Every structure is written in structure tokens, then in C-alpha cells.
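Please read them with the model open.

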Amino acid sequence: MTDSTASAPKPSSSVKLVLLGEAAVGKSSLVLRFVNNDFQPNKEPTIGAAFLTQKCQLPSRTIKFEIWDTAGQERFASLAPMYYRNAQSALVVYDMTKPSSLVKAKHWVAELQRQASPGIVIALVGNKLDLCDDDDPEDEAQDGENAEGHEEEAVRKVSTAEAKAYAEEESLLFYETSAKTGHNVSEVFTAIANAIPETSLKGPRTGAGGGTQAAISGGQDTSRVNLNARGADGAAKEGCAC
Amino acid sequence: METLDGTEWDVVIADTGFASSLLALSLSRSGKRILHLDPNEYYGGAEAAFSLAEAETWALRWSESTDGATFSHASVTKPSLSGDSKLLSSRAYSLALAPHLIYARSNNVPALVSSQCHNQLDFQAVGSWFVLNPFDDALTSSSRLIRVPSSREDVFQDASLALKAKRALMKFLRFVASYEEQTETWNDSRDQSFSLFLEQKFGLPAASHEPIMALTMSTTPASSTTTGFALPRIAQHLRSIGIFGPGFGAVLPKWGGLAEIAQVACRAGAVGGGVYVLNKAIKEAAKVEQSDTIALTLDGNERVSTTWLCGSTETTRWTGCTPAVSEEDFTTISRSISIVSSPLSHLFPPTSEGGVTPAGAVVVVPSPDASEPPVHILVHTSDAGECPMDQSVAYASVALPSDTGYPRLERAISDLLLSAEDAQPELLWTLRYQQRTNLSTQALRESGGLINLPALRDDLVLDDSVLDGVRQAWQSITSEEQSVFMKFEAREGGEEEE
Ligand SMILES: Nc1nc2c(ncn2[C@@H]2O[C@H](COP(=O)(O)OP(=O)(O)O)[C@@H](O)[C@H]2O)c(=O)[nH]1
Ligand SMILES: [Mg+2]
């Protein structure tokens with residue numbers, strides 16, 4: 001409520017986040033930057049999928065992100081449904097130097113809006129900002145031609161204005177990032193953490209309001225049973241007496 | 001999309017049902033090359049969870065009776081006029097084909113914990129058990145719905161019990177606590193009526209049997225429930241109480257029952273490198289002569305080969321590799337899923353002071369005719385993540401085919417709604433379906449690289465045989481020691497907490 005003192009423990013909630021986007025746009029790199037503050041230029045693509053966690057401190061609470069990175073196997077288009085099921089947030093990534101990746105990102109956004117939980121918070125992220133020489137993303141009057149010193153693909157191909165307009169239309173959070181330099185990476189996750197409705201974090205019974213985001217009640221602490229409590233031990237001994 | 005044609009695998013799993021997904025989890029760090037398929041466009045197979053729209057599509061698909069199919073006679077009704085206005089958006093619901101409860105004392109719990117799966121799952125308490133007597137004008141609503149005392153303290157405090165009955169009941173509960181050591185008391189009655197046993201050995205009058213019977217979750221008629229079946233069930237119930245907290249002994253997985261566990265298990269399979277392809281059925285399988293290989297033909301005529309082919313009886317039944325099953329091995333049950341316009345709070349008294357808020361309750365509706373099976377209803381609150389706030393979901397089931405079963409289910413649900421103390425709850429939406437369960441595959445069946453995994457039993461308790469079957473399958477495939485089954489370290493970055 002009011003300014004909490006340093007000693008008082010903040011409430012903590014887990015938030016499931018799924019990463020979606022075309023291969024090689026930098027999904028795994030964004031996670032690596034966020035979780036380990038690291039970047040590996042020629043990282044081997046992950047086999048299978050990856051699961052990582054990272055905490056995000058907000059003034060009033062701690063959010064623990066459970067991050068699912070759908071690596072590699074987008075090829076059969078079968079993994080994503082089990083990752084975005086019950087996910088409270090999604091990071092849909094495109095590569096600003098590759099227009100086709102924005103088309104793919106739009107497909108993902110549409111699929112999330114059709115299939116995922118009604119209250120899911122979606123952030124659209126244009127990655128590889130460091131490859132674009134326009135220091136100020138707002139100002140991209142002339143693009144492409146002035147790119148001496150860069151390889152051909154290493155220039156902005158998706159304008160900020162275009163992606164931003166699309167994000168606004170679909171009510172998505174929008175950021176341009178660089179996993180390489182770290183620019184805006186933690187900002188994306190913080191923005192998502194802030195955008196998760198309180199009602200889907202804790203005590204949905206109090207949030208009697210009729211927003212659709214409350215349609216499926218979120219993790220209510222008082223109903224949660226911890227299987228680790230005494231369960232593992234006690235139950236293991238029982239064997240099959242039947 | 002890429003093709004699977006010509007690929008070689010160590011293990012092909014034919015569906016993403018509960019047992020098959022647990023197998024994928026158990027193999028997720030084995031280093032085996034695993035192809036995990038499902039003929040449907042969703043995960044979970046016969047244990048899936050659906051939004052309203054998905055459930056309606058599913059009902060259309062299984063409305064008729066297809067030869068050999070698990071589901072049939074499915075239909076959706078919206079009995080209430082106001083149903084449409086009170087129902088929220090389709091995805092505000094996650095309705096479970098397998099809303100099973102899991103006892104603390106079941107082999108599934110340690111496996112979920114040691115495999116690190118529980119970190120990605122939420123479990124909630126199944127609090128109270130009730131007996132609901134059929135509606136009768138002479139009875140008031142409160143006397144029709146009776147909460148089953150589920151511990152000795154409960155019995156002690158129950159004011160409705162006469163002292164003599166209380167003593168007899170306490171004696172019985174004490175006996176159950178160590179029934180294994182007292183074979184002389186019950187061995188002769190093992191295959192006989194449990195009712196008779198209660199009466200003769202403990203002097204419990206017939207009127208007191210229903211609450212005891214309710215704890216067995218037996219799907220068979222009261223008259224044919226045997227002592228040998230009932231005792232371990234009641235013992236499991238009582239011994240589970242208090243393990244995860246005071247006042248309850250069973251849990252349910254949030255967000256759609258066993259479907260949720262299946263998906264978490266598949267995710268672990270994917271993290272381990274398994275390849276997942278939905279919408280892909282196996283059309284044919286043939287053992288390749290003089291080799292350890294099975295050649296498979298998939299939808300779209302892709303051909304792949306594998307050493308092992310695993311799956312439920314249904315998803316492997318077209319492959320030509322399946323051992324024959326006889327019609328007698330099947331039981332037929334009727335089930336319904338009802339969305340109710342009220343939280344039905346009278347079914348969810350607190351588990352204990354300051355304890356967890358229960359999200360599940362069990363209501364057993366005995367038949368007035370002891371030769372007829374009871375109806376079991378699992379009621380889930382909105383905390384279970386299956387429906388919006390201020391609504392609830394009632395999963396009902398009876399071991400009868402649809403023609404006789406549906407009327408029983410309907411009656412039971414309407415009696416349940418009549419028992420509510422608050423403003424008359426309405427039925428907003430109901431899905432009914434008939435389900436065939438192959439009881440013979442409760443044990444694992446294996447022949448020449450083909451493994452049929454066990455089906456869930458026909459009641460609403462997740463029993464130990466499913467995981468036992470998965471363990472056997474895992475052992476055949478990996479030749480590992482039993483003791484390392486489902487024992488995994490937390491993955492890097494997925495560190496454990498609390
Ligand atoms: N210059 C630059 N390269 C990046 C950035 N993010 C990722 N990459 C590179 O793009 C390639 C694909 O990245 P990866 O994270 O594996 O993409 P994913 O397939 O979406 O997970 C790798 O070679 C990365 O080093 C970035 O912000 N800037
Ligand atoms: Mg990646």
C-alpha cells in the first residue's frame with residue numbers, strides 16, 4: 001500500500017511467460033540477457049525447448065518469471081500451444097532487419113488472441129536494434145540507403161512507426177531491443193510485470209470487477225497446496241499395500 | 001512444414017494422453033530419440049481440457065457411436081434460458097475430461113515431486129465428501145445432504161450420530177488404520193459384500209453404510225462392492241488426510257485436471273529434445289522382419305521407423321500391431337460436465353482453521369436400489385481455474401450406459417442444485433458423453449516393441465496402476481534401475497524454491 005520499509009517482505013507471484021517468434025530473431029538471446037545479463041554472438045540454437053526463471057523486482061511486489069523459450073521446433077508448429085496454455089504473458093519477437101519476421105509475429109499475436117488465456121499480456125518486441133544505425137528510433141526518415149559500413153541485411157527494414165501502430169491497434173506493449181547491447185531488455189520484462197493485472201496474481205475474490213481478465217481466476221494463494229510439504233516423504237513409503 | 005518422412009526414432013509415442021505423457025516425461029533425460037505424436041490438434045488425448053467452443057466441437061465429433069472409439073453419444077445442452085447471458089467467453093472455461101482427484105498417499109505424488117513437475121503445477125485441496133440422498137418431500141434440504149465425517153475427530157464431533165453408532169464407527173476406523181495386520185477379521189469376507197461385513201463384524205446398521213461407502217469411490221452398486229475392494233480404498237482416504245495440511249487428503253491439479261499434468265509432462269519431453277507433432281495419427285505399423293524395428297505409416301503417408309511404439313489402446317489400435325482385446329474387457333460409463341451459475345459454497349467448508357481453501361468437493365449420490373451404481377460428482381470452484389468466479393463446474397459420472405446413465409446424472413445434478421442454501425443455482429451448460437474404458441489394459445501389455453499403456457480406471461480417483469504401467473514401459477525401454485524412475489535434478493535456471 002504505502003511505501004514499504006526495506007525489511008517487510010514483498011508479496012511474490014509467479015508469472016508464466018512464453019517466447020514466440022520466427023527462428024533466429026533473438027528469442028533465446030533476449031532470455032539470456034535478461035536472466036544472465038550475457039550475450040553470446042554465435043550461440044548454438046537450443047535443442048528442444050528451454051525453461052528458465054528470473055525474478056523481477058517491482059516497488060510493491062516480486063514477480064518470478066517462468067520463461068518458456070520455444071526453441072527449434074517451431075517447424076512442426078505443435079509446441080507453442082502447450083506453452084501459451086495458461087501463460088499470463090507472451091513476448092512475441094521479430095527481427096527489425098527482417099520484415100518477414102514481423103509477418104510471422106503478427107501470426108503469433110493473432111493465434112494468442114484466439115487461443116491463449118483471455119487476459120494474457122502480450123509484448124511485441126523488435127530485436128537487434130544495435131544493427132540499425134538510427135540512434136533515435138523515433139527518427140527514421142530515410143532508411144536503407146545510408147548504410148555504408150554495414151552488410152546489406154544489417155539495416156532497419158521495419159520502421160518503428162509501422163510496428164508501433166500495429167502494437168497500438170492490438171493493445172500490445174511495444175519495445176525495440178538489443179539483446180547484444182542489453183538495450184531495453186529489462187524494460188520489456190518490467191513492463192510486462194507491471195501490466196499483469198493484480199487480480200490474476202492474487203486473491204481474485206476481491207477483484208469483483210467484471211473485466212475479462214478476471215474470467216479465469218489466477219493463482220489464489222489460500223487455495224494452493226504445496227506437494228513438497230510432507231508429501232514426497234510420507235507418500236513414498238506407502239508402496240502398494242492393496 | 002518439414003517432413004518426418006524417412007526419420008528414425010528410438011521411441012514413438014502415439015498420443016499425448018495422461019499415461020503417454022508421463023512416459024515422455026520419464027524418458028525425457030534418457031537420451032533416446034523420441035517422436036511424440038497426437039492424432040488431435042490439442043494435447044491431452046482422452047484426458048484433455050477444453051474451452052466451451054472446443055468442447056462443443058468435440059461433442060459434435062463424438063455425437064455418434066464410432067466402432068471402437070473411447071467416446072460416444074456426446075451432446076451439449078444449455079438448459080437455462082439465462083444460460084447464454086451468464087456464460088462468459090469460451091476461453092473463460094477449461095473443462096476437464098479427467099477431473100480426477102489424487103490422494104496424498106498415491107504413487108503419483110512422489111513421482112510428480114521427484115521429476116520436478118510439481119514446480120510447474122498448482123494443486124488444490126479436495127475438501128469434503130458428501131452423501132446426497134435423492135429428493136424426497138419429507139426431508140428438508142439439510143438432511144438430504146450429509147457431510148461425511150472423514151477423521152476420527154470428525155466422528156467424535158458429529159452431533160447427528162447416536163453414541164452407539166459413534167462407538168461402532170470409531171471401532172471400524174481404528175480397524176481400517178491397520179487392517180493389513182488384521183487379516184483374520186476380514187480375509188474370509190474379502191470377496192463378499194462390504195455392507196454385510198460392516199453389519200456383521202462391526203454392528204454398523206445399514207443406515208450408516210452410505211457415508212463409509214462414499215469414501216471408497218466405488219463405481220459398482222453397493223450390493224456388489226466387496227470388502228477386498230473397499231478396505232484399501234478407505235485406508236488410502238484416511239491415511240492421506242493431513243499429509244499436505246490439516247483437514248484434507250486429496251488434491252486436484254488446477255487448470256483442467258490431468259490435462260494440465262499431461263502438458264507439463266510433454267513440456268519436459270520437449271525440453272529434453274523430444275519432437276512434438278500434433279494432428280498426426282499413426283495409420284499403420286508393421287514389424288520389420290529380422291530386425292528390432294517397427295515401420296510406421298503416418299497421416300500424409302510419411303514413413304518413419306522406430307524401435308518402440310507406445311500409446312493408449314485407442315491410438316495404437318489401427319496399427320495392426322495391437323494384441324486383440326475382447327469386448328468383455330470394456331466397461332461403459334456415462335459422464336457429464338455441468339457449469340453451474342453459483343459457487344455452491346455450501347460444499348466447501350474450510351479444511352481447517354487457517355488451512356487451505358478447498359477447490360474441490362465430492363458428492364456421492366447412492367441409488368435407492370442397492371443393485372444400481374451410485375452417481376459420483378466432483379465439484380470444482382472457480383479457484384480450480386476451470387470457470388469464472390461465482391460459477392462452479394460439476395463433473396458427474398455413473399457406471400451405466402447412456403440410455404440409463406444420462407437420466408441418473410441429470411437427476412443427481414438437479415438434486416445437488418436443490419441442496420444449495422443460497423438463491424437457486426441454475427445449470428448454464430452441460431456436456432454429456434459415454435466413455436468406454438478398457439479394464440484389461442490396466443496392466444501394461446507389451447509385444448514385440450509395441451507397448452499399450454494402461455487406461456485410467458472408470459472412477460474419479462487417479463489410481464496407482466497408471467504410473468506402475470508407465471514405470472514398466474520405461475524399464476523395458478531403458479533397462480534402468482527402478483529406483484531412478486522419474487528422479488530428476490532441477491534443470492539449470494529452473495531452480496527450485498520454497
Ligand atoms: N546483432 C545482434 N544479434 C543478435 C541479437 N539477438 C540475437 N542475435 C543473434 O541472432 C542469432 C539468433 O539468435 P537466437 O537468440 O538464437 O534466436 P532465436 O532462434 O529466436 O532463439 C544469433 O546469432 C544471435 O547472436 C541482437 O540484439 N543483436
Ligand atoms: Mg532460440
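1. Domain bounds here come from an automatic or database domain assignment. On that basis chain B splits into domain 1 (8-50 + 255-325 + 441-497) and domain 2 (95-252 + 330-437). Their C-alpha centres lie 31 Å apart.

2. A caution on the source: this is a predicted model, where local features need pLDDT of at least 70, side-chain atom pairs count only at pLDDT 80 or more, and totals for chains, interfaces and linings use all residues. Residues are numbered from 1 along each chain as its sequence is written, chains are lettered from A, and side-chain values use heavy atoms, without hydrogens and water.

3. Contact (heavy atoms within 4.5 Å) links 34 residues of domain 1 of chain B with 39 residues of domain 2. The buried area is about 3300 Å², with 59% from carbon and sulfur atoms. That area is the accessible area (1.4 Å probe) that the two parts lose on being put together, summed over both. On the domain 1 side, Asp458(B), Leu460(B) and Val461(B) lose the most, together 24% of what that side buries.

4. How many salt bridges cross the interface of domain 1 and domain 2 of chain B? The rule (a side-chain nitrogen of Lys or Arg within 4 Å of a carboxyl oxygen of Asp or Glu) finds one. Asp459(B) pairs with Arg233(B) in a salt bridge, their closest N and O atoms being 2.5 Å apart.
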